[in-house]
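Good morning, everyone. Please have a look at the model on the screen, and I will walk you through it.

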Amino acid sequence: MNEFVVSELKNNIAEITFGTPKSNSLPGAILEKLAQTILDEGAKDDVKAILVKSEGKKAFCAGASFDELLEIEELEKSTQFFGGFAKVLNAMRNCGKIIVIRVQGKTTGGGVGLACGADYCFATKDSSLALTEINLGIGPFVIGPYVERKIGKSQFSAMAIDADFRSAEWAAQHNIYHSVSETIEEMDSKLEKFLQTLASRSCEALALIKKVSWEGTDHFNELMPARIHMSASLILEDSAKKNIESIKEKLRAK
C-alpha cells in the first residue's frame, strides 16, 4: 500500500480516507495533505459533515512516522514535521463542519489526537489507545490541548506519563468515543445510519453546534508554537533516536 489521502462526497458527507503502509502512521507529507483536504472539503457549501477514516482493518493510526523521525536532523525540519500535526488538528477545529472519526483498531500518539479532535467518534471494542510519546523521549505536547479538552488535565498527564493502553470502554467513559461496537461491521452499520441522519440536518444548525462546542479554544493557536518546539527539539536528542531504533527492532521481532 502506498501513502495516500483521498476524498469522496457521498450524500453531502465528505469521506476522507488516509493510509500508509506501517499501521497508518503519519509522515509529514500525509499530514499536510490531510489538513488541506479537511479545509478544502469544509469550504464546500454542499458538505454538511466530514468523515475521517483510515485504511484497513487493523490499526487506526500509529501516530508519527518512525522512519521520518529518524531522518530529521535539523530543528527547522523537525518543527515543520510536528507542525503538521497542529495543522491537521487546527483544520478539524476550524473547518466549520462536524468532524466524525472512525476508529477500527488500536491508536497511539497523534492518532489519539485525531480521535480527540473529532466532534463525534465511532470505534470498535478493539480500539484501545495510548499516548506513547514518552517511550520515544518526547511527549504528547502538540495534541495535548485537544486530549485535555476531552478527558481533563489529570487524566491526560497520567496517560502521558505511563504510556499504557486504555480500553475502548475507558475511552467511551472519558468522552473520546461516543459509540463502541463489537465488530467493524456493526460499527459501520451504525456509522452509515448516523451519517444519513447528519445529511438530513440543517447545515446552519450543524455549523452553530460546531461553533459553540469549540468555544474557549482560541488560545490553542497561541499554545502551538511552544508545544511544537518542545517535541521538535527533544526528538533531535541522540537518546530519542536510540529509543526509536529500539522500538523498531522490537516491532520487527514480532
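Ring pairs link F81, F82 and F85 into a cluster. One caution before I go on: this is a predicted model.

Stay with those rings for a moment. F81 and F82 are both buried. How many aromatic pairs does the structure hold? The count is eight. One of them is the pair of F81 and F82, in an edge-to-face arrangement. Their centres are 5.2 Å apart, with 85 degrees between the planes.

The charged end of K106 sits over the ring of F165, 4.7 Å from the ring centre. The charged end of R166 sits over the ring of W170, at 5.6 Å from the centre.

Now the sheet. Six strands make an open sheet with mixed pairing. Read the order as β1-β2-β3-β4-β6-β8. Which strands are at the edges? They are β1, residues 4-10, and β8, residues 179-181, and each pairs on one side only. From one strand to the next, the twist averages 15 degrees.

Next, what packs on this sheet. Helix α1, residues 28-42, touches β1, β2, β3 and β4. The direction of α1 makes about 15 degrees with that of β1. Helix α8, residues 184-199, lies across β2, β3, β4, β6 and β8. Relative to β4, α8 runs at about 170 degrees.

Let me zoom in on β4. Why is β4 described as largely enclosed by the rest of the structure? Because six of its six residues are buried. I98, V100 and R102 point one way from the strand. I99, I101 and V103 point the other way. As a rule, side chains in a regular strand alternate between the two faces of the sheet.

What does β4 pair with? On the β3 side, four bridges join β3 to β4, and the two run parallel. There, A49 has I98 of β4 as its bridge partner. β4 also pairs with β6, again over four bridges in the parallel sense. V100 has its bridge partner in β6, at Y120. Moving on, β6, residues 120-124, runs parallel to β8, with three bridges between them.

The largest nonpolar core has 62 residues. Which of them touch the most other members? I38 and Y177 do. Helix α3, residues 75-94, gives the most to this core, with eight residues. Take I38 on its own. Leaving out residues up to four places away in sequence, I38 touches I16, I50, V52, V88, A91, M92, C95 and I99. There is also a second, separate core of 13 residues, and its members include L51, V100, L191 and A199.

Last stop: K150, in helix α5, residues 144-151. Is K150 buried or exposed? Its relative accessibility is 12%, so K150 counts as buried; the cut-off for buried is under 20%. What is K150 in contact with? Neighbours within four places aside, the list is A115, C116, A118, H174, N175, I176 and H178. For scale, K150 and E182 are 32 residues apart in sequence. In space they are 23 Å apart, C-alpha to C-alpha.

That is the tour. Thank you.

Key:
Residues are numbered from 1 along each chain as its sequence is written. This is a predicted model: local features need pLDDT of at least 70, side-chain atom pairs count only at pLDDT 80 or more; totals for chains, interfaces and linings use all residues. Side-chain values use heavy atoms; hydrogens and water are left out. Rings of Phe, Tyr and Trp (its six-membered ring) pair if their centres lie within 6.5 Å; planes under 30 degrees apart count as stacked, over 60 as edge-to-face and the rest as tilted. Buried means under 20% relative accessible area, exposed over 50%, partly exposed in between (1.4 Å probe, protein chains only). A charge sits over a ring if NZ of Lys or CZ of Arg is within 6 Å of the ring centre and within 35 degrees of the ring normal. Two strands pair if DSSP finds at least two bridges between them. Axes are lines fitted to C-alpha atoms, for helices over the stretch in contact, and angles run from 0 to 180 degrees between N-to-C directions. Contact means heavy atoms within 4.5 Å. A nonpolar core is a set of buried Ala, Val, Leu, Ile, Met, Phe, Trp, Tyr and Cys residues joined through side-chain atoms within 4.5 Å.
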